[in-house]
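Here is a short briefing for a reader new to this structure. Look at the model first, then work through the points by topic.

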Amino acid sequence: NPRGIATDNSGNKWIGDYDKGLWKYDNTNWIIYNISNSGLISNDASNIAIDNEGNKWIVTHSGLSKFDGSEWTNYSYSISGISTGHNPCITIDKDGFFWIGMGNNYGEVDGLVKFDGENFTAYNELNTGMPIFQVYDIAIDDSNIKWIGTGSGLVKFDDETWTLYDESNSGIVS
């Protein structure tokens with residue numbers, strides 16, 4: 001079940017698999033990283049982002065794993081106040097902050113998480129007033145504006161103001 005794909009500066013493809021771990025494909029060979037042969041926090045590698053230093057950041061239901069090519073570092077979501085949700089997504093903004101979207105986890109607090117490399121900051125309906133749940137994808141434009149695809153519509157966040165685009169105020173249909 002491949003979910004997220006990223007390409008590093010060497011042309012290697014990194015593929016997160018929902019239940020098999022992380023795959024690396026160098027156009028000839030396949031390497032599979034999982035909990036039995038690596039430091040990956042969980043085999044449900046839903047998505048991946050690669051930072052400017054070439055570190056691979058893998059989001060799973062259990063937490064966030066960083067792989068620098070030789071060492072693994074794991075971070076738990078439990079300190080974020082956000083549930084892990086289904087099929088988390090990740091992207092990196094121009095300032096190097098990670099934005100992780102958590103899907104609906106059946107009544108638990110879902111939402112958006114900003115990670116600065118050490119600390120998680122949770123954004124959800126409780127602290128933003130926006131219906132940020134069932135986060136499916138996050139894109140960040142050249143102006144560093146976050147565009148969050150949610151179960152309620154498209155949410156725009158410019159680091160100060162939250163705006164919801166839905167069927168009542170835009171061309172978005174249900």
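Buried means under 20% relative accessible area, exposed means over 50%, and partly exposed lies in between, with a 1.4 Å probe and protein chains only. By that scale, Asp159 is partly exposed at 39% relative accessibility. This is a predicted model, in which local features need pLDDT of at least 70, side-chain atom pairs count only at pLDDT 80 or more, and totals for chains, interfaces and linings use all residues. Residues are numbered from 1 along each chain as its sequence is written, and side-chain values use heavy atoms, with hydrogens and water left out.

**Overall build**

- The protein chain has 1 helix and 16 strands. Both are DSSP runs numbered from the N terminus: helices are H or I with at least four residues, strands are E with at least two.
- The chain has 174 residues, and 47% of them count as buried.
- Take the contacts in the protein chain with a separation of 6 or more: 34% of them come from residues 24 or more positions apart. A contact means heavy atoms within 4.5 Å.

**Salt bridges**

- How many salt bridges does the structure hold? There are 3. Each is a side-chain nitrogen of Lys or Arg within 4 Å of a carboxyl oxygen of Asp or Glu.
- Asp93, Lys146 and Asp159 are linked in a network of salt bridges.
- Lys146 meets Asp93 at 3.8 Å, N to O. This pair links distant parts of the chain, 53 residues apart. Lys146 is in strand β14 (residues 146-150), while Asp93 is in the loop between β9 (89-92) and β10 (98-102).
- Is Lys146 buried or exposed? Lys146 counts as buried because its relative accessibility is 0%. Asp93 is buried too, with a relative accessible area of 6%.
- Lys146 also pairs with Asp159, and here the closest N and O atoms are 3.0 Å apart. This pair again links distant parts of the chain, 13 residues apart, with Asp159 in the loop between β15 (153-157) and β16 (162-165).
- Asp19 and Lys20 form another salt bridge, with the closest N and O atoms 3.9 Å apart. Lys20 counts as partly exposed at 48% relative accessibility. Asp19 counts as partly exposed at 39%.

**Positive phi angles**

- Asp159 is not a glycine, yet its phi is positive, at about 75 degrees.
- Asn144 is another residue other than glycine with a positive phi, near 70 degrees. Where is Asn144 found? Its place is the loop between β13 (137-140) and β14.
- Asn144 counts as buried because its relative accessibility is 4%.

**Around Ser42**

- Ser42 lies in the loop between β4 (30-33) and β5 (47-50).
- Ser42 counts as buried because its relative accessible area is 11%.
- The side chains of Ser42 and Asp44 are joined by a polar contact of 2.3 Å. A polar contact is a pair of N or O atoms within 3.5 Å; within protein, one must be able to donate a hydrogen and the other to accept it, and residues adjacent in sequence count only if both atoms are side-chain atoms.
- Which residues does Ser42 touch, not counting residues up to four places away in sequence? They are Ile35, Thr60 and Ser62.

**Gly111**

- Gly111 is in strand β11 (residues 111-115).
- Gly111 is buried, with a relative accessible area of 0%.
- Gly111 and Ile100 are 11 residues apart in sequence, and their C-alpha atoms are 8.5 Å apart in space.

**The largest pocket**

- The largest pocket holds about 220 Å³ of space. Of its 13 lining residues, the closest to the centre are Asp51, Asn52, Ile92, Gly96 and Phe98.
- On a 1 Å grid over the protein atoms alone, a pocket is an open set of points with protein on both sides within 12 Å along at least five of seven lines, whereas a cavity is a set where a 1.4 Å probe fits but cannot get out; lining residues have an atom within 4 Å of a point.
- Grid points are joined across faces, edges and corners, and a volume is the space filled by probe spheres set on the points.
- The lining divides into 4 nonpolar, 3 polar and 6 charged residues. Ala, Val, Leu, Ile, Met, Phe, Trp, Tyr, Cys and Pro count as nonpolar, Asp, Glu, Lys and Arg as charged, and the others, Gly among them, as polar.
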